[in-house]
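Hello,

Here is the structure you asked about, ready for you to open. My notes on what turned up in it follow below.

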Amino acid sequence: MNFSEVFKHSNQLCKVSPDGKYLATCVQYRLVVRDMATLQILHLYTCLDQISHMDWSSDSLFILCAMYKRGLVQVWSLEQPEWHCKIDEGSIGLVSSRWSPDGRHILNTTEFHLRITVWSLCTKAVSYIKYPKACQKGIDFSRDGCYMALAERRDCKDYVSVFVCDDWHLLRHFETETQDLTGLEWSPNGCVLAVWDSCLEYKVLLYSLDGRLLSTFSAYEWSLGVKSVTWSPSSQFLAIGSYDEKVRILNHITWKKIAQFDHPTTINNTKAVLYKEVERRAPVGRDELSLHDITAGGAFISSQSKYEICAPPVQIPVVKPDPDRANPKIGVSCLAFSADSRYLATKNDSMASVLWVWEMQKSSLEAVLEHTAAVRCFQWDPRRPRLALCTGNSKLYLWSPTGCVCVSIVITLVFVSDGFQVQSLIWHCGGDSLILLGKDHLCVCFMDTQDKSN
C-alpha cells in the first residue's frame, strides 16, 4: 500500500476512465486528465464556465463537461486535443447530461423535465424524447448497451418506454402499476426491469423486455416502504432496503422472498465477527509502525486507531430520527453486492456508524463493523471480495473475509491545513488502487495486492 501526493478538485468531480488508463478531475472551469499509473498531467482543457458534471465515454476517447447554469455541454477528445464540441440548450435550460452506451450520443435533460434531447457526435442529428419523469432514477441502460428504459409521466399516470439505442426507435411502451414511480433498473443480464414506487407505497414490479409484468412484491402496507434497490452482479438476487430497517432478498426464478436481513439493536448469539473501531490516544513512534504503515516522501501513515473483535452480546448505537424533519434518518439507504455476488454490504441510517456484511449463500450475517463516526461511503473491489469505506475523517478502512484493517492517514508536506478528510472513495476498475476524495483535494492509494489482509 502506498499513497500519492495530494491534488485539487472541485465538487467531487473525479472519475477514472472505463479502460482504467486515465484519471479526470475538475477544478472549477478546468478539466485535468492524468495518466493513472504515473499521475502526470496528459491534457488540460479550459471550459466556458464552472463545471457541474463530468463523464467519460464508454471507450475512454471523449470526456463530457456539463455547465448546468449556462445550459452548456462541452465535449473533449483525447485522441485529437484540438477537436472539441459545444452543445447549447439555450433558454430551455439543462438539468442533466449523460453519454449513451456507444459513446457517440449525448442525452440532455432540459429544465422541468420537458424533454430529453439526443445529440449525435457522428451525424450531428438531433432526436427528442418527450415526457421524461422527474424522479430519483428515471433512466437506465442495459448492461450490453442495447436498450434504454425511461420512466415517463403522462396524464397523471406512470409509463415506461424501452428504446433501442442503435437508432433510438421505440421498442415497447407500457403503463406501470405504480402510484408515483421513483426508480427503475435493469438486471445485469438485461432480461428483467425492476420498477419501484415511492416510499409512500411498498411496491416493487418486475417486467420483461417486452413489457410483461412478471411479478409484484409488497412486504407491508400503510407505512414508509422502499428506500433502496439493487441487483446482484449475477442477476440471481434483487435486494430491497426498506424504511422498516430490513433488507429483503428476491430470487430470479419465482421472484419470491428467499431471505430477510434484520439490523437488530442488540447482537446476541451469532457466528459473525463483530469489529469495533478503537482510537489510540497515545502517540505512536516510528519504531511501532505496523505492516500497514507507510513512509514515503514526507508523508507517513501510522495506525492511530484499530479494530477490536468483540464478543456478543453487543449493543449497536442507535440515533432516533427527528419526527419534525423531512426525510427521516431511518431505514436501509445503501446496498452493495461484492463482484462475485457472495456478500452484501448494507447501511441502516439509524445506525449510521455501523456497516453490516451478509453472506448470501448461507443467508447469514458475516461481519459487523462499528466505527466512531458515521459511514460516508463504501464500495466493493471490482475484482475481489474486498470492501473499502470511509467515515469523513483521515482514516481508510478495509474489510475482507480474512479480516479488517484501519489505517490513519497523516500528510505533512501538503497545502491541506486541517488534514486530509476522506469524504468518498472510488475503486480503480482493476482493483489495484483507490481514489480518496476529500472536500477540495484527492489522493490515490495504490494497493499492495500481495497483502493478504487487504
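Two strands count as paired if DSSP finds at least two bridges between them. Please keep in mind that this is a predicted model.

With that in hand, let's begin with one of the sheets. Four strands build an open, antiparallel sheet, and their order is S19-S20-S21-S22. The edges are taken by S19 (181–186) and S22 (213–217); each has a single partner strand, so one side of each lacks a neighbour in the sheet. On average, neighbouring strands here are turned by 20° against each other, direction ignored. If you zoom in on S19 and strand S20 (residues 192–197), you will find the two running antiparallel, joined by 5 bridges. Within that pair, Gly183 sits opposite Trp196 in S20.

Now to the charged side chains. Side chains of opposite charge can pair when their charged atoms come close. How many salt bridges are there? The count is 16.

- Arg386 and Asp381 meet through their side chains, with an N to O distance of 2.8 Å. Arg386 and Asp381 are both buried.
- Glu201 is bridged to Lys203, with 3.7 Å between the closest N and O atoms. Glu201 is partly exposed, because its relative accessibility is 28%, whereas Lys203, at 16%, counts as buried, the limit for that being under 20%.
- Asp322 pairs with Arg325, and the closest N and O atoms are 3.7 Å apart. Asp322 has a relative accessible area of 37% and is therefore partly exposed; Arg325 reaches 64% and so counts as exposed.

There is also a network: Lys133, Arg153, Asp158 and Asp180 are joined into one by salt bridges that share partners.

Cys135 itself is partly exposed, because its relative accessibility is 22%.

How values were computed. Residues are numbered from 1 along each chain as its sequence is written. This is a predicted model: local features need pLDDT of at least 70, side-chain atom pairs count only at pLDDT 80 or more; totals for chains, interfaces and linings use all residues. Side-chain values use heavy atoms; hydrogens and water are left out. A salt bridge is a side-chain nitrogen of Lys or Arg within 4 Å of a carboxyl oxygen of Asp or Glu. Buried means under 20% relative accessible area, exposed over 50%, partly exposed in between (1.4 Å probe, protein chains only). Axes are lines fitted to C-alpha atoms, for helices over the stretch in contact, and angles run from 0 to 180 degrees between N-to-C directions.
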